[in-house]
Amino acid sequence: MKTLIITLALVLTSISTIALSNEVKSTSPVNASVYFITPADGQTVSSTFTIKFGLNGMGVSPAGIEKKNTGHHHILIDTDTLPNMLAPLPATDKIKHFGGGQTETQLTLSPGKHTLQLVLGNHHHIPHNMPVISKKITVIVK
Ligand SMILES: [Cu+2]
């Protein structure tokens, strides 16, 4: 009897874990891709410059709005290691959220070489399954 209860508890725990992860994770279509419309890879830019986000195969929705096959943009600045793709992306100096559903922004960076990468996040700021991540580009700030 005791074993049965323990087994049952384990089964219920794993069911609720699966339910939870399904609720917060969102799927992405196989053809989905995110990319920089501007700047181009290797482009020289002034200290404040415009970035335009391109998205194929999905739509943009503000954070907090749960809608299938949508998400909002995030920029990773000078990030060598991708953040955890299973958890909400943190908001830091190097991870900018565009939870309003913006498709472009202005960024100010110090002179020199910087890398930029886009990651789409769902209504909970969690990357999709599969994650929709752009190629990492380099800009040279004057
Ligand atoms: Cu976000």
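Colleague: What is the mean pLDDT of the chain, and what percentage of its residues reach 70 or more?

Modeller: pLDDT is the predictor's confidence in each residue, on a scale from 0 to 100. Here the mean over the chain is 90, and 84% of the residues reach 70 or more. Over residues 10–20 the pLDDT is below 50, and this stretch has zero contacts in the model beyond near neighbours in sequence; a contact means that two C-beta atoms, placed from the backbone, lie within 7 Å. This is a predicted model, in which local features need pLDDT of at least 70, side-chain atom pairs count only at pLDDT 80 or more, and totals for chains, interfaces and linings use all residues. Residues are numbered from 1 along each chain as its sequence is written.

Colleague: In what order do the three strands of the open sheet stand?

Modeller: Strands are DSSP runs of E with at least two residues, numbered from the N terminus, and two of them pair if DSSP finds at least two bridges between them. In this model the order is S1-S3-S7, with antiparallel pairing. Strand S1 (33–38) and strand S7 (104–108) are at the edges with a single partner strand each, so one side of each has no neighbour in the sheet. Neighbouring strands of this sheet are turned by 35 degrees against each other on average, direction ignored; the axes are lines fitted to C-alpha atoms, and angles run from 0 to 180 degrees between N-to-C directions.

Colleague: How many bridges join S3 to S7?

Modeller: Strand S3 (residues 48–56) and S7 run antiparallel and are joined by five bridges. Thr50 stands opposite Gln106 in S7. In a regular strand, side chains alternate between the two faces of the sheet.

Colleague: How many of the five residues of S7 are buried?

Modeller: A residue is buried if 20 or more other C-beta atoms, placed from the backbone, lie within 10 Å of its own, exposed if 12 or fewer, and partly exposed in between. For S7 the count of buried residues is zero, and the strand is hardly covered.

Colleague: Which residues have the most contacts inside the largest nonpolar core?

Modeller: A nonpolar core is a set of buried Ala, Val, Leu, Ile, Met, Phe, Trp, Tyr and Cys residues joined through C-beta atoms within 7 Å. The largest has 15 residues, and Val34, Phe53, Ile75, Leu118, Val119 and Leu120 have the most contacts inside it. S1, S3, strand S5 (70–77) and strand S8 (112–121) each give two or more residues; the largest share, four residues, comes from S8. Leaving aside residues up to four places away in sequence, Val119 touches His74, Leu76, Leu89, Pro127, Pro131 and Ile133.

Colleague: Where does Pro39 lie?

Modeller: Pro39 is in the loop between S1 and strand S2 (44–45). The peptide bond from Thr38 to Pro39 is cis, with omega near 0 degrees. Another cis bond joins Asn129 and Met130, with omega about 0 degrees; Met130 is in the loop between S8 and strand S9 (137–141).

Colleague: Does His125 count as buried or exposed?

Modeller: His125 has 21 C-beta neighbours inside 10 Å, so it counts as buried. Its phi is near 70 degrees, a positive value in a residue other than glycine, and His125 is in the loop between S8 and S9.
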